Protein chains: 2
Amino acid sequence: MDKDDIKEIWKVPEPTLRRLPWYLAFVKLLKGKGETFVSSTQIAKEINVDASQVAKDLSFVNISGKTRVGYEIDTLVEVLEQFLGFTSQHKAFIFGVGSLGASLLQDSGLNQYGLDIVAGFDIKDELAGSSINGIPVFHLKDFREKQKEYGATIGIITVPVEKAQEVTEEIIEGGIKALWNFTPFRIRVPEHIVVQNTSMYAHLAVMFNRLNSMNH
Amino acid sequence: MDKDDIKEIWKVPEPTLRRLPWYLAFVKLLKGKGETFVSSTQIAKEINVDASQVAKDLSFVNISGKTRVGYEIDTLVEVLEQFLGFTSQHKAFIFGVGSLGASLLQDSGLNQYGLDIVAGFDIKDELAGSSINGIPVFHLKDFREKQKEYGATIGIITVPVEKAQEVTEEIIEGGIKALWNFTPFRIRVPEHIVVQNTSMYAHLAVMFNRLNSMNH
């Protein structure tokens, strides 16, 4: 990868990265229907985003549309999937095999999007040595050793909220580069560590509030 | 509920609703440590948000701090949980008992945040009549009838992306008021329907992109 490519990746804004999977899902639908070309106007109309925004978002991806006909669907799907990282496998560990952690281990759908969950860790002795959906669960004290073996880059945090910061630090010391935080705790990390927060509870709070407003 | 209260609820911006659960998680931690008061400055420092923002966010909640000592922790936890809707039970149906749907049925943690998943629906005949984590799974064709019985207000959408819009329309016609959409498809709904999108794949895309940028 040369310097210009690096600059290109750095430049992609988070809102763009969050919209591109919407475009991909829609374009894959069209592909399933046997369509061969799609315009940014079509995508814009479907996703309810400005057409110029769609064109701008797609300009980060290495693909160019043709005047009048738009983007070739097969190529767009392929290029988007690759650009979004869904075609490479990223090894991940799950920390905390409670209710949510165990349910993520069950969800093989994530695998199709490039997330390869290779092991789970917990502090409960009775979980160590078990497996869920074919994925082994180890005691947290064995994490450093297993990390040498697996070389995971992503840590999924599903521990109880009061353990979130402590486990975060342990994970980072063990060499994990990116954290997917499902706890409602705002974890603190060094600058070179990537954090993505998915707070299901925050989404619930927004939904409940809007629902109550609608009903009155 | 009188008109002023309604106005109050409507006024709460989404970013505030997304930040309040972070504050709640932190304040509950302090409570667990035996603390009795917390200031907005303390919360601000921990969550990495401006202190004036914290005070503004908390102004939507019916609680007032005391000069110098701040907010009483017990009251703040109670008031926040109630305000965010975590203390009432909201009946929900899951549509699509595939990998993700089944894993959400397994996750009893959501129940503690006011989401009461009472049934799942799928088009697969072999799933109808089964149950996961004690929650019954029915055939989608029985949805209208079961809705009369249960009166769910929330529909969780975990169907394959190509079915998302079709199922959305069926759910709304059946009287569901709010949709929690886990598919990467941008569903279209009438104005009076609440939609909350939780796209795990979009979060993955952001994480993969940042991770690649860090490594080069």
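User: Which elements of chain A do the buried residues of helix 5 pack against?

Analyst: This is a predicted model, in which local features need pLDDT of at least 70, side-chain atom pairs count only at pLDDT 80 or more, and totals for chains, interfaces and linings use all residues. Residues are numbered from 1 along each chain as its sequence is written, chains are lettered from A and ligands numbered from 1 in the order written, and side-chain values use heavy atoms, without hydrogens and water. Buried means under 20% relative accessible area (1.4 Å probe, protein chains only), against over 50% for exposed and in between for partly exposed. Helices (H or I, at least four residues) and strands (E, at least two) are DSSP runs, numbered from the N terminus. In helix 5 (residues 73-83) of chain A, the buried residues are I73(A), L76(A), V77(A), V79(A), L80(A) and E81(A). They pack (contact: heavy atoms within 4.5 Å) against helix 2 (14-32), strand 1 (37-38), helix 3 (40-47), helix 4 (51-59) and strand 2 (71-72) of chain A.

User: What is the area buried between chain A and chain B?

Analyst: The size of an interface is often given as the accessible area lost when the parts come together. Buried area is summed over both parts, with a 1.4 Å probe. Between chain A and chain B about 6,800 Å² is buried, 71% of it from carbon and sulfur atoms. W22(A), R186(A) and H203(A) supply 11% of the area that chain A buries against chain B, more than any other three residues.

User: How many salt bridges are counted between chain A and chain B?

Analyst: A salt bridge places a side-chain nitrogen of Lys or Arg within 4 Å of a carboxyl oxygen of Asp or Glu. The count between chain A and chain B is 2. R188(A) forms one with E46(B), the closest N and O atoms lying 2.7 Å apart.

How values were computed
Buried area = accessible area lost by both parts, 1.4 Å probe.
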